[in-house]
There are 4 protein chains.
Amino acid sequence: MGNSFGKIFKISTFGESHGKGLGVVLEGCPAGLAIDEDFIRNEMQRRKPGQSKITTQRKEEDEFQILSGVFEGKSTGTPIGMVIMNTDQKSKDYGHISDKFRPSHADFTYFEKYGIRDYRGGGRSSARETAARVAAGAIAKMFLKHYGISVDAYVSQVGEFKLNKPYQELDLSKTEDNILRCPDAEMAEQMIELIDSVRKSRDTIGGVVSCVAKGVPAGIGEPVFDRLHAELGKAMLSINAVKGFEYGSGFEGIKMRGSEHNDSFYTDEAGKVRTKTNHSGGIQGGISNGEDIYFNVAFKPVATIMIDQDSVNEAGESVTVSGKGRHDPCVVPRAVPIVEAMAALVLADYLLISRTNKL
Amino acid sequence: MGNSFGKIFKISTFGESHGKGLGVVLEGCPAGLAIDEDFIRNEMQRRKPGQSKITTQRKEEDEFQILSGVFEGKSTGTPIGMVIMNTDQKSKDYGHISDKFRPSHADFTYFEKYGIRDYRGGGRSSARETAARVAAGAIAKMFLKHYGISVDAYVSQVGEFKLNKPYQELDLSKTEDNILRCPDAEMAEQMIELIDSVRKSRDTIGGVVSCVAKGVPAGIGEPVFDRLHAELGKAMLSINAVKGFEYGSGFEGIKMRGSEHNDSFYTDEAGKVRTKTNHSGGIQGGISNGEDIYFNVAFKPVATIMIDQDSVNEAGESVTVSGKGRHDPCVVPRAVPIVEAMAALVLADYLLISRTNKL
Amino acid sequence: MGNSFGKIFKISTFGESHGKGLGVVLEGCPAGLAIDEDFIRNEMQRRKPGQSKITTQRKEEDEFQILSGVFEGKSTGTPIGMVIMNTDQKSKDYGHISDKFRPSHADFTYFEKYGIRDYRGGGRSSARETAARVAAGAIAKMFLKHYGISVDAYVSQVGEFKLNKPYQELDLSKTEDNILRCPDAEMAEQMIELIDSVRKSRDTIGGVVSCVAKGVPAGIGEPVFDRLHAELGKAMLSINAVKGFEYGSGFEGIKMRGSEHNDSFYTDEAGKVRTKTNHSGGIQGGISNGEDIYFNVAFKPVATIMIDQDSVNEAGESVTVSGKGRHDPCVVPRAVPIVEAMAALVLADYLLISRTNKL
Amino acid sequence: MGNSFGKIFKISTFGESHGKGLGVVLEGCPAGLAIDEDFIRNEMQRRKPGQSKITTQRKEEDEFQILSGVFEGKSTGTPIGMVIMNTDQKSKDYGHISDKFRPSHADFTYFEKYGIRDYRGGGRSSARETAARVAAGAIAKMFLKHYGISVDAYVSQVGEFKLNKPYQELDLSKTEDNILRCPDAEMAEQMIELIDSVRKSRDTIGGVVSCVAKGVPAGIGEPVFDRLHAELGKAMLSINAVKGFEYGSGFEGIKMRGSEHNDSFYTDEAGKVRTKTNHSGGIQGGISNGEDIYFNVAFKPVATIMIDQDSVNEAGESVTVSGKGRHDPCVVPRAVPIVEAMAALVLADYLLISRTNKL
């Protein structure tokens with residue numbers, strides 16, 4: 001269990017960091033959608049390692065192949081199978097940790113759960129699996145675009161540096177202008193410097209990715225358990241290194257009074273019911289209200305550091321784990337497209353489900 | 001969709017605030033569990049309205065009946081159906097809002113979604129539905145107790161007042177000693193005063209419920225999408241008024257360096273692999289590691305206030321919504337058992353699933 | 001697991017033969033459907049015991065209550081909870097078999113599976129559970145009727161007596177004209193006589209229920225695993241006492257040559273693509289083609305007979321099981337509404353799913 | 001929807017007849033199972049085209065690759081991804097039918113459902129998809145073997161020729177001795193002759209595959225909807241060309257009296273509760289009782305014939321469909337491993353689920 005996500009627009013992923021390949025089966029993409037392979041490729045470029053000095057220098061080409069479900073450039077309604085072959089399976093690199101549990105990685109827990117583990121690069125627990133999510137998410141984005149819905153994420157915090165502007169005051173078209181993916185150039189510079197200094201000290205640091213979805217019509221969401229924000233939250237918490245999720249006013253909102261926090265309704269000039277404020281983050285009672293949906297996702301500092309650490313091995317003996325290889329000092333720049341992909345998958349799925357709500 | 005939760009130990013709830021009754025079907029409870037109806041009753045008392053001066057004064061008796069699945073005091077493995085009949089269906093109380101959209105309630109979004117809505121007390125969107133969850137959650141707690149697992153929640157923040165102690169420094173056995181359900185008596189008093197003053201100003205305020213699960217064995221959780229914390233997060237975000245979820249170091253953890261944040265492993269005197277710190281919140285790679293699981297849940301200020309608010313009606317015309325009835329000034333004291341119930345349901349479900357992991 | 005059926009238009013049933021009550025939660029019924037309680041009542045009358053000399057003389061009133069999901073006569077899109085309280089729980093009647101395994105009942109298998117069993121009237125394995133299905137199925141029928149789809153079942157075989165006419169040559173409006181629910185009056189008489197003689201010899205006999213769905217549009221069905229006929233087959237095989245399912249040409253069709261069996265396409269006067277024959281039973285490749293859907297369901301002779309039988313008890317000792325109580329000599333007359341209910345549930349569900357197939 | 005099967009031991013397949021490749025993701029295979037790739041290869045050989053004069057002469061090599069989920073020869077508990085690349089994609093062969101609906105194929109229904117179709121070799125509706133099922137089913141068989149469970153299918157009917165012996169009187173080890181896969185050599189010869197003569201007349205014919213599972217412990221099955229035989233029935237009905245399913249006494253059993261049909265219990269010398277007869281087919285109340293499970297699956301005559309047929313094209317105009325290419329005159333010899341694969345997948349899944357039934 002646990003390797004599928006979604007109800008109708010649904011993905012199943014497979015693959016380990018250093019296996020032969022990984023992939024995804026995307027079911028339930030409605031027939032007739034034009035599939036732009038270049039767009040998928042571009043999304044995967046945004047996630048891939050080695051893209052800048054503040055990401056890992058590891059090289060993975062992430063060439064994907066669509067094996068099924070697309071005919072003459074359009075989705076056919078049948079499952080879209082995609083694979084990404086691993087060309088560089090240097091499993092020898094991992095001999096030094098093959099029986100050691102790296103602190104705050106999933107080595108120990110996978111071993112406890114399955115009694116066996118693929119120690120090469122974290123095996124299934126590696127964030128490499130998110131490449132498959134990004135490929136499928138790119139298709140979800142195309143589907144949403146067809147209905148005028150956009151999903152845009154950006155870095156809003158790195159360590160202590162926090163972008164204290166709401167998304168409305170940012171120009172999200174500038175997100176890709178810097179290697180950090182923060183639309184505020186000045187703040188980006190400071191954050192990049194921080195990451196760089198952390199990297200030089202062979203350490204790592206955490207951050208926040210914020211995300212905004214525009215154009216989602218009112219009426220999307222499936223209470224009581226599958227509220228739109230609950231599914232978004234699960235989607236985000238399923239990404240490697242995520243420790244928290246909040247939407248709308250989030251954790252800060254608890255300090256407000258109800259009279260401040262409530263979003264008053266009014267009818268705009270076009271006759272559409274709108275809210276004056278949007279502390280609700282575009283979701284009320286678990287259902288979209290037509291306003292922008294926005295949320296924050298907290299990422300912990302990357303567990304792999306270049307500093308020696310105390311640990312134990314499979315026999316329970318004390319060992320030292322030494323950092324080796326090429327790793328990210330901070331995960332957020334590469335997490336931006338992953339957050340977008342998962343958000344797009346949730347919205348595509350829920351948009352389809354909402355077709356069944358009324359007679 | 002959306003009214004079931006869980007995979008094996010699974011609930012389906014039904015019922016509206018002012019319908020004839022509500023209930024829950026609990027599937028997958030293993031056979032042979034002794035069912036203590038008094039315990040269920042007690043859990044429901046903790047959630048029910050009218051229990052103190054800082055909760056709504058509304059009276060709901062919440063008498064439940066077990067209709068099936070229990071024979072001679074034990075679960076039989078077949079679905080446990082429970083109903084709670086609504087004795088007090090004062091739908092006339094709601095005539096004044098029958099075509100108005102209350103700000104930050106789900107009136108508008110349900111109307112958009114379904115084109116029809118049961119306006120009485122919020123209908124299905126009412127937190128009254130959580131009574132069914134608490135009933136089922138009580139059975140989940142009994143199941144967990146059988147395996148030595150406990151789940152304890154408490155209030156850790158109300159508005160600006162935040163309990164700045166980690167749970168390890170609190171005596172959780174004192175949670176029920178005050179009407180707020182905060183184990184720190186002094187802090188509780190301040191928080192209660194704050195709620196009381198907010199109530200007097202006819203307003204509402206938000207808060208945080210924290211939760212700790214002890215005794216969960218290592219190996220529980222279903223990556224990559226159904227990570228234990230992702231499912232816990234979804235469960236919490238599915239509760240009315242929740243705006244955020246974080247586990248372990250959460251949003252604060254992003255400021256740490258990897259070298260501080262990582263939880264080093266060691267072998268304890270009993271030969272068990274443990275971690276020296278627990279920033280991971282007992283979960284690594286989405287799988288429990290045997291340490292305590294802990295997390296925080298943010299609740300927004302209650303949307304129903306006793307102050308007049310601007311809004312629109314179904315026709316889109318400007319109207320005034322006046323607060324009426326008996327409502328909670330702050331939801332957290334009654335949310336404590338709901339958080340516990342949902343956490344227990346997730347853990348019971350995942351504990352069962354983990355039986356299928358190995359040959 | 002196993003107590004829910006359907007994906008969107010989905011039921012979860014609960015309840016045992018002699019528990020306090022049973023019921024069903026119907027999720028996913030689209031909002032705005034007029035709910036006719038008299039129609040539900042009527043469907044339940046068709047299933048209930050004691051309706052004629054060839055059914056059990058046991059009295060069960062089967063009064064149902066809708067607890068939720070319906071407001072001002074219409075479905076609201078939220079779960080429709082229905083309960084049927086058991087007024088007559090004569091558990092003392094079952095003392096004589098409380099530790100015996102009745103041959104070809106589920107006493108032994110439930111005991112092996114759960115290690116505990118509710119021996120009263122078969123507990124959860126009793127066909128009494130189908131009352132809940134019929135209640136939900138009645139709503140599915142209303143939903144289908146809204147779209148011009150009908151589902152009609154009838155008895156086509158009892159023991160050796162087989163109605164050798166295809167459904168096209170029968171007047172299905174006459175099905176309810178006799179107590180057997182066979183639209184051929186003459187054949188019905190012979191079958192009734194056979195059942196009556198079997199009943200007098202304290203024995204039981206099997207039969208076949210045939211079913212026809214008209215008006216299903218082309219394009220309904222979810223290959224490759226959830227083919228329309230596969231889901232219909234599962235639905236039927238989930239009914240108590242069913243041993244076989246075939247659709248279209250069924251088991252007889254294997255003797256035909258492809259050139260005879262293939263259904264040629266033509267365009268009718270209205271410009272609609274039709275088939276000249278319908279050996280496909282209205283389903284090709286698991287998807288409806290717009291022709292009538294028809295299938296047969298085989299029911300074994302009822303396991304409860306009034307003749308002494310050899311068996312063993314829980315301790316494995318040889319015992320005699322004596323028939324007692326009021327039971328059906330042949331299940332098919334009462335199975336007709338159950339077959340219709342399950343077929344309607346599948347079609348309603350798949351009709352909704354098909355809304356998500358195209359852009 | 002519809003491309004996944006199973007709950008825990010679960011497969012998702014993808015791929016079309018003439019796309020780049022097809023494959024399967026197998027989730028939930030417990031960790032630690034030795035994976036024998038030769039066994040998988042052998043199973044796929046049994047299904048592949050071109051194996052004898054009575055199957056299609058089409059060549060498909062069906063080379064599969066395991067991309068994930070297996071490490072050092074053992075399953076790791078993570079998804080096992082397998083792909084089969086299509087080396088021979090002669091889509092030009094299908095130009096002549098690209099806008100025609102072949103009678104009793106799924107061309108028309110896919111077009112109605114999706115508004116678009118991959119006409120090459122039937123696209124997703126092609127039985128080529130079953131290659132993926134056989135690969136996953138081979139792993140299910142290995143898992144079952146570990147617990148002493150075997151699944152063996154054979155041909156029991158071709159057209160009018162029916163093997164009138166129960167499986168107990170057959171030597172199932174001889175099934176692979178002839179190209180038909182019928183364990184009765186004499187009958188096999190007659191059936192082969194029939195198929196050969198049908199093939200020469202450019203026509204096709206139907207048949208029955210029977211299947212026996214031995215060693216399934218008592219207690220497997222999930223009533224009320226997911227009865228073991230209901231899931232087996234769905235699995236079989238999901239195979240291309242299947243028109244009917246019956247288990248135990250099946251359609252014949254309806255002629256019996258209850259007193260004949262009931263399977264009396266006794267305790268054998270080893271102290272195990274057994275039944276004297278097995279009309280129940282090893283399943284009572286939807287749960288295995290420890291006896292052999294057996295069932296029959298009816299396959300229609302293959303739709304592709306070499307004779308000209310009347311049909312219409314996408315524009316609704318009358319056209320002639322001429323048979324071309326290399327097709328099976330009778331599907332049953334190649335269906336034997338598919339039936340086994342699907343049965344093994346159901347049993348593996350249900351065996352795992354049953355681990356959650358008791359405390």
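Predicted model: local features only at pLDDT ≥ 70, side-chain atom pairs only at ≥ 80, totals over all residues.
Start with chain C and chain D. Each of these chains puts residues into the contact: 106 from chain C and 106 from chain D. The size of an interface is often given as the accessible area lost when the parts come together. For chain C and chain D that area is about 8300 Å². Carbon and sulfur atoms give 59% of it. On the side of chain C, the residues that lose the most area to chain D are Lys113(C), Phe225(C) and Lys243(C). Together they make up 11% of what that side buries.

The rule finds 10 salt bridges across it, between chain C and chain D. One salt bridge joins the side chains of Lys276(C) and Asp310(D), with an N to O distance of 3.5 Å. Polar contacts across the interface of chain C and chain D come to 49 residue pairs, both residues at pLDDT 80 or more. Sorted by class, the chain C side that touches chain D holds 41 nonpolar, 42 polar and 23 charged residues.

Strand S11 of chain C, residues 242-247, runs antiparallel to strand S11 of chain D, residues 242-247. Three bridges join the two strands. Within this pairing, Gly244(D) in S11(D) stands opposite Glu246(C).

Turn next to chain A and chain B, and to a sheet that takes strands from both. Strands of a sheet pair through backbone hydrogen bonds, either parallel or antiparallel. Here the pairing is antiparallel, and the sheet is open, with 10 strands. Read across, the order is S9(A)-S8(A)-S10(A)-S16(A)-S11(A)-S11(B)-S16(B)-S10(B)-S8(B)-S9(B). The edges are strand S9 (161-162) of chain A and strand S9 (161-162) of chain B. Each has a single partner strand, so one side of each is left without a neighbour in the sheet. Further in, strand S8 of chain A (residues 150-158) pairs with strand S10 of chain A (residues 207-214) over eight bridges, in the antiparallel sense. There, Ala153(A) has Cys211(A) in S10(A) as its bridge partner.

Chain B also meets chain D. This contact takes 15 residues from chain B and 15 residues from chain D. About 1300 Å² is buried between them, with 64% of it on carbon and sulfur atoms. Three residues, Arg355(B), Thr356(B) and Leu359(B), supply 52% of the area that chain B buries against chain D, more than any other three. The side of chain B that touches chain D has nine nonpolar, four polar and two charged residues.

How are chain B and chain D related? The same surface serves both copies, since 100% of the contact residues of chain B recur in chain D.

Last, the salt bridges of the whole structure. Over all chains, the search finds 116. One of them brings together the side chains of Asp196(B) and Arg199(B), at 3.0 Å from N to O. Both residues sit in helix H4 of chain B, residues 185-200. Being three residues apart in that helix, Asp196(B) and Arg199(B) are separated by about one helical turn.

How values were computed: Residues numbered from 1 in each chain as written. Chains lettered and ligands numbered in written order. Heavy atoms only, no water. Contact = heavy atoms within 4.5 Å. Buried area = accessible area lost by both parts, 1.4 Å probe. Salt bridge = Lys/Arg side-chain N within 4 Å of Asp/Glu carboxyl O. Polar contact = N/O pair within 3.5 Å; in protein donor to acceptor, adjacent residues only side chain to side chain. Nonpolar A, V, L, I, M, F, W, Y, C, P; charged D, E, K, R; others polar. Pairing = 2+ DSSP bridges. Helix = DSSP H or I, 4+ residues; strand = E, 2+ residues; numbered from the N terminus.
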